Amino acid sequence: MDLLKSIAVAASGLRGQAGRMRVIAENLANADSTPDRAGVDPYRRKIVTFQGRLDRELDAQVVELGRVERDRGAFRTKLDPGHPAADAAGQVRMPNVNSLIESMDMREAQRSYEANLNVISSTRRMLQRTIDILRA
Amino acid sequence: MTTSSFAAGAYASMQGIGGGGLLKKPASTGLAGGAATGMPDFSSLLGKALDSTTQAARAADVQTASVAAGRSDIVDVVTAVAESEAAIETLVAVRDRVIAAYEEIMRMPV
């Protein structure tokens, strides 16, 4: 039934956004993760990818989390000569996580999650109203 | 009254539900298909419909239990519960319809 299919598709969207939220949480939590010695890379920001997949059982296009890629952008540097990971010039490489970007990503994930929740609740209402016809 | 034709329609579409889950396309929900030969008797039909509903309810229970145990995703519970809810409510509504039609027939002065 199409209504139940749309609930299942929206549920896949919820799952995808939940995975995105997890990656954002990892990025934010590791925003200050530096190695304990020089020459080792600090935490590299993760980027989620989504991909559509045709679910044969549902006969509908669902979304799922693709590979989690690494952000190849440059690391931030901070002058901190006393740090164990500081190089000869006293610079410490910090993770390439920008908390402002992560906040915006988080907001986007939240909005997208809510949109999928709305699809589920609308679909349930439609289903309910249809069954009510039978009842009246 | 239209009650009996309603009930017949509900009866026919319940056969589709009983045949295999709500997610499948109903095989033949028309009145013509229901009135044709080879129609199962009421008890086996009810049994099949109950089976599929019980299956949906059981799936919802399994999901709820596995979330409580911390093994599963809450989204799976929501979809399983929504599906079983739809199945149960449809079954209950159809049952009410069929019983109403039965009562209508029993009230008929003979």
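Helices (H or I, at least four residues) and strands (E, at least two) are taken as DSSP runs and numbered from the N terminus. On this basis, the elements of chain A run α-β-β-β-β-β-β-α from the N terminus on. The structure is a predicted model, in which local features need pLDDT of at least 70, side-chain atom pairs count only at pLDDT 80 or more, and totals for chains, interfaces and linings use all residues. Residues are numbered from 1 along each chain as its sequence is written, while chains are lettered from A and ligands numbered from 1 in the order in which they are written.

The radius of gyration was taken over C-alpha atoms, and the globule rule is 2.2 Å times the number of residues to the power 0.38. For the 136 residues of chain A the rule gives 14 Å; the radius of gyration is 22 Å, well over that value, so chain A is more spread out than a compact globule. Along the principal axes, the C-alpha atoms of chain A fill a box of roughly 80 × 25 × 20 Å.

Burial was assigned from C-beta atoms placed from the backbone: a residue is buried if 20 or more other C-beta atoms lie within 10 Å of its own, exposed if 12 or fewer, and partly exposed in between. Of the 136 residues of chain A, 19% count as buried. Two residues are in contact if their C-beta atoms, placed from the backbone, lie within 7 Å. Among contacts in chain A with a separation of 6 or more, 61% join residues 24 or more positions apart.

UniProt positions are given in the numbering used here, feature names are shortened, and annotations may be inferred rather than shown by experiment. An unreviewed entry places "domain: Flagellar basal body rod protein N-terminal" at residues 8–35 of chain A. This span is 79% helix and 0% strand, and its end C-alpha atoms lie 42 Å apart. For residues 90–132 of chain A, UniProt lists "domain: Flagellar basal-body/hook protein C-terminal" (unreviewed entry). Here the end C-alpha atoms lie 72 Å apart, with 79% helix and 9% strand.

G73(A) sits in the loop between β4 (69–70) and β5 (76–79) of chain A. It has 12 C-beta neighbours inside 10 Å and therefore counts as exposed. R44(A) is 29 residues from G73(A) in sequence, yet the two are 8.6 Å apart, C-alpha to C-alpha.

Chain B has four helices and zero strands. Its pattern along the sequence is α-α-α-α. Of its 110 residues, 23% are buried.

The contact between the chains takes 13 residues from chain A and 16 residues from chain B. On the side of chain A that touches chain B, α1 (2–29) and α2 (99–135) each supply at least two residues. Residue classes were set as follows: Ala, Val, Leu, Ile, Met, Phe, Trp, Tyr, Cys and Pro are nonpolar, Asp, Glu, Lys and Arg are charged, and the others, Gly among them, are polar. That side of chain A has 10 nonpolar, no polar and three charged residues.

A nonpolar core is a set of buried Ala, Val, Leu, Ile, Met, Phe, Trp, Tyr and Cys residues joined through C-beta atoms within 7 Å. The largest has 20 residues; I7(A), A10(A), A11(A), V78(B) and A86(B) have the most contacts inside it. Contributions of at least two residues each come from α1 and α2 of chain A and from α3 (42–68) and α4 (74–106) of chain B. α4(B) gives the most, with nine residues. Leaving aside neighbours within four places in sequence, A10(A) is in contact with N116(A), V119(A) and I120(A).
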